[in-house]
Amino acid sequence: MGLFKDFFIALSNNAFLNESAKKIGPSLGANKVVAGNTIEDVVKTIRRLNDKNIAATVDNLGEFVNAKQEAIAAKDDILKIMSAIHSNGLDAHVSIKLSQLGAEFDQQLAYDNAYEIVKQAAEYDQMHINFDTEKYDSLSDITHTLDQLKSEFSNVGTVIQAYLFKADELIDKYPDLRLRLVKGAYKESSHIAYQTREEIDDNYIRLIEKRLLNAKNFTSIATHDHNVINHVKAFVEANQIDKSKFEFQMLYGFRSELAESIAKEGYNFTIYVPYGDDWFGYFMRRLAERPQNLALAFKEFVKPKPLFIVGTLGLSALLLGRCNKKK
Ligand SMILES: Cc1cc2nc3c(=O)[nH]c(=O)nc-3n(C[C@H](O)[C@H](O)[C@H](O)COP(=O)(O)OP(=O)(O)OC[C@H]3O[C@@H](n4cnc5c(N)ncnc54)[C@H](O)[C@@H]3O)c2cc1C
């Protein structure tokens with residue numbers, strides 16, 4: 001599992017492959033887990049979810065932003081999707097990544113972009129803006145940004161990655177913020193993060209319980225793990241925690257039947273809906289999480305473009321050794 005995960009995380013970190021993939025559009029099965037390329041595609045997807053009593057958090061996909069114009073273009077795209085959500089009266093909010101707004105090369109630019117987004121969202125009936133967490137290196141930028149924004153706005157929150165030793169401290173720091181709790185999607189060193197599935201799962205459950213008992217704001221439990229979901233259902237019942245205090249979240253395209261059945265039981269549910277042409281890194285992280293997700297890609301192999309797809313994967317493997325200098 002370690003090597004498997006390392007391989008796909010390394011692919012997700014490869015700038016050349018990410019750039020090349022943009023040109024061919026969602027492929028290798030990614031079209032099953034990315035809601036399309038345009039705002040119209042996303043609006044249709046959110047409507048379908050809302051009809052099933054499921055909300056959405058929308059992610060305008062984008063990796064390796066390293067120029068001012070790209071960061072500003074990403075911010076403008078996010079403002080457009082927010083406007084579409086608001087004008088169509090959709091039950092949805094937005095998830096953003098500071099790196100996409102320029103944080104990897106200009107922190108002030110990223111902050112200014114984030115500020116504009118959060119301010120506009122506040123004017124759209126306090127639409128929530130979630131700051132997704134990325135690699136550990138960027139965590140202090142996120143918390144710093146959040147600390148500044150939360151003194152002026154109440155529509156901001158972030159994600160706690162349970163694999164981090166620091167997760168406990170962050171849960172304690174932000175009882176008043178809306179938080180999403182996840183296991184964690186990146187590869188982190190053993191100095192800062194739990195490494196085994198058992199350790200991560202145990203810490204995840206412990207943090208969820210602690211948060212649900214102490215939170216002063218809404219909590220999103222984002223997982224496809226039915227054991228965790230069942231545990232949470234039993235825990236909230238035993239501790240008389242009202243369903244209005246929390247929700248479950250899953251990623252678009254994964255375990256949709258389970259998501260719908262949980263929503264039908266009366267739990268709040270939100271689906272994370274990624275869209276846009278920068279699908280490769282996101283999709284590779286999903287493959288890294290679970291070997292079975294490769295089934296998404298294998299289903300595409302039997303379609304009429306097998307040579308192209310085998311070629312793409314083969315080329316990926318080959319180029320990985322040569323071009324992957326980014327962590
Ligand atoms: C809405 C959402 C937002 C996220 N945001 C972030 C973020 O900001 N930062 C970040 O680092 N990570 C984020 N993640 C990713 C997260 O950290 C995990 O990497 C990812 O969710 C995989 O862990 P898991 O809890 O879903 O279950 P896993 O540990 O992958 O799976 C546990 C078990 O659940 C079952 N299972 C899982 N998936 C399936 C499936 N598709 N079909 C059938 N059974 C399945 C299997 O039995 C599996 O063994 C997010 C995840 C979600 C759902």
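Strand S4 (156-161) and strand S7 (246-251) each supply at least two residues of the shell around the ligand, where strands, like helices, are DSSP runs numbered from the N terminus (helices being H or I of at least four residues, strands E of at least two). Of the elements contributing to that shell, S7 gives the most, with three residues. In total, 21 residues surround the ligand, and the closest are Val182, Ala185, Ala222, Thr223 and His224; a residue is taken as near a molecule or strand if its C-beta atom, placed from the backbone, lies within 6 Å of it. By class, the shell holds nine nonpolar, six polar and six charged residues, with Ala, Val, Leu, Ile, Met, Phe, Trp, Tyr, Cys and Pro counted as nonpolar, Asp, Glu, Lys and Arg as charged, and the others, Gly among them, as polar.

Residues are numbered from 1 along each chain as its sequence is written.

The average pLDDT, which is the predictor's confidence in each residue on a scale from 0 to 100, is 89 for the protein, and 90% of the residues score at least 70. Over residues 304-311, however, the pLDDT is below 50, and beyond near neighbours in sequence this stretch has five contacts in the model, a contact being two residues whose C-beta atoms, placed from the backbone, lie within 7 Å. Residues 321-327 also have pLDDT below 50, with nine contacts beyond near neighbours in sequence. Where pLDDT is low, the predicted coordinates should not be read in detail.

Let me turn to helix packing. Helix H8 (residues 197-214) and helix H9 (residues 226-238) pack at an angle of about 30 degrees with their axes 11 Å apart, the axes being lines fitted to C-alpha atoms over the stretch in contact, and angles running from 0 to 180 degrees between N-to-C directions. H8 and H9 are therefore roughly parallel to each other, given that angles under 35 degrees count as roughly parallel, over 145 as roughly antiparallel, 65 to 115 as roughly perpendicular and the rest as oblique. In this contact, Tyr204, Ile205, Ile208, Glu209 and Leu212 in H8 meet Val228, His231, Val232, Phe235 and Val236 in H9, and by class these comprise eight nonpolar, one polar and one charged residues.

Conventions:
Predicted model: local features only at pLDDT ≥ 70, side-chain atom pairs only at ≥ 80, totals over all residues.
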